[in-house]
Amino acid sequence: MGEVDPAFVQEQEHRPKLSIIEAKGIPEIDLSPILHHAVPNPSDIENLVKEIGSASKEWGFFQVTNHGVPLSLRQRLEEASRLFFAQSLEEKKKVARDEVNPTGYYDTEHTKNVRDWKEVFDFLSQDPTLVPRSSDEHDDGVIQWTNQSPQYPPQFRAILEEYIQEVEKLAYRLLELIALSLGLEAKRFEEFFKYQTSFIRFNHYPPCPYPHLALGVGRHKDAGALTILAQDEVGGLEVKRKSDQQWVLVKPTPDAYIINVGDIIQVWSNDAYESVEHRVMVNSEKERFSIPFFFFPAHDTVVKPLEELTNEENPPKYRPYNWGKFLVNRKSSNFEKKKVENIQIYHYKIA
């Protein structure tokens, strides 16, 4: 990624500010009340639910500690990620993604039609994963996406599969807490994830000689239900603070996960909770690694405001949409630069 390629250059208004505001107040939530007690204390659970609700409403982002994912497993995964990306481009491209199968290695992803300064490796939570054949609403065909397995590092797939099991457990616990915070039954969201379309991503952001022009990932909101992010000590994630629309840096907390509420929860909650814009800064001296898990429902999920959260005073704010069609549309726009903005939930907003 040598000389500056115009494809990486952000429009003036979206370029990163190099004077950084560190986020004061992205809530840090201790999950030990639901993990380390044989019989959880009801008042501890109630407080936890309140914390999750307030963080989801005020920030759309929070960090969790004592989350139950073994640190040794995360460390093995992070090491495997570093070994994978340290290979030659030729080796990495042996597991390159293509327009038919969007798993594997990729280094030309676009966000908002500007190329990201990063390389990625994607791996599905369920192999195979069923998705619509196309985003055309009249096409009922379904296809399978399958995983690619790098030969190096050895055991990569086994570590990955073990990690996905653990991070999924955390995702379901968080969904329950979010459901309770909205006044719903704890398991209200579970039915949507039986045949999920979730995936895990390895991000590698090489040092960038012009951090004032490019971004590791441009500004965006996450389309799914939840994102569970492991980031390294270098940091670079910035969140748009709802109170004043300033970009603030999320300081890495060792062994914590950064959680953000995605667009689907925004729609399910009928805007009670909001999916917040975020982006990734690049560093001129240090490379950075991160591992997000994107928790997505089954392809045939119809996403719409939940009946329990709407009434005459608070009517539905979104038209229903098919998650699989939405996902396939978004994947195609990541693969090639489009002349129009890719699909967003506000396209379904009821005026």
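Start with the aromatic rings: colour Phe, Tyr and Trp in your viewer. This is a predicted model, and counting rings whose centres lie within 6.5 Å gives 24 aromatic pairs.

**Stop 1: an edge-to-face pair.** Select Trp117 and Tyr210. How are these two rings arranged? Their centres are 5.5 Å apart and their planes meet at 80 degrees, so the pair is edge-to-face; the angle needed for that name is over 60 degrees. Now look at where the two partners sit along the chain. Trp117 belongs to the loop between strand S5 (114-115) and strand S6 (119-124), while Tyr210 belongs to the loop between strand S9 (199-205) and strand S10 (217-220). Buried or exposed? Trp117 has 1% relative accessibility, so this residue counts as buried. Tyr210, at 8%, counts as buried too.

**Stop 2: a tilted pair.** Next, pick Tyr321 and Phe326. This aromatic pair is tilted, with 5.0 Å from centre to centre and 35 degrees between the planes. Both Tyr321 and Phe326 are buried.

**Stop 3: a ring cluster.** Select Phe84, Phe85, Tyr105, Phe121, Phe156, Phe202 and Phe289 together; ring pairs link them into a cluster. Keep Phe121 highlighted and show what is around it. Leaving aside residues up to four places away in sequence, Phe121 touches Val95, Pro150, Leu160 and Ile200, among others. Its contacts also include Phe84, Phe85, Tyr105, Phe156 and Phe202, which are members of the cluster as well.

**Stop 4: the nonpolar cores.** Which residues have the most contacts inside the largest nonpolar core? They are Phe121, Leu174, Phe189 and Trp268, in a core of 74 residues. Colour helix H5 (residues 156-181) next: this helix gives the most to the core, with 13 residues. Apart from that core lies another, of 10 residues, including Trp59, Leu229, Val248 and Val276.

**Stop 5: charges over rings.** Show the side chains of Arg74 and Tyr257. The charged end of Arg74 sits over the Tyr257 ring, 4.7 Å from the ring centre. Then move to Arg97, whose charged end sits over the ring of Tyr106, 4.3 Å from its centre.

**Last stop: an annotated span.** Finally, select residues 196-297, which UniProt lists in an unreviewed entry as "domain: Fe2OG dioxygenase". How far apart are the end C-alpha atoms of this span? They lie 5 Å apart, and the span is 6% helix and 39% strand.

Conventions:
Residues are numbered from 1 along each chain as its sequence is written. This is a predicted model: local features need pLDDT of at least 70, side-chain atom pairs count only at pLDDT 80 or more; totals for chains, interfaces and linings use all residues. Side-chain values use heavy atoms; hydrogens and water are left out. Rings of Phe, Tyr and Trp (its six-membered ring) pair if their centres lie within 6.5 Å; planes under 30 degrees apart count as stacked, over 60 as edge-to-face and the rest as tilted. Helices (H or I, at least four residues) and strands (E, at least two) are DSSP runs, numbered from the N terminus. Buried means under 20% relative accessible area, exposed over 50%, partly exposed in between (1.4 Å probe, protein chains only). A charge sits over a ring if NZ of Lys or CZ of Arg is within 6 Å of the ring centre and within 35 degrees of the ring normal. UniProt positions are given in the numbering used here, feature names are shortened, and annotations may be inferred rather than shown by experiment. A nonpolar core is a set of buried Ala, Val, Leu, Ile, Met, Phe, Trp, Tyr and Cys residues joined through side-chain atoms within 4.5 Å. Contact means heavy atoms within 4.5 Å.
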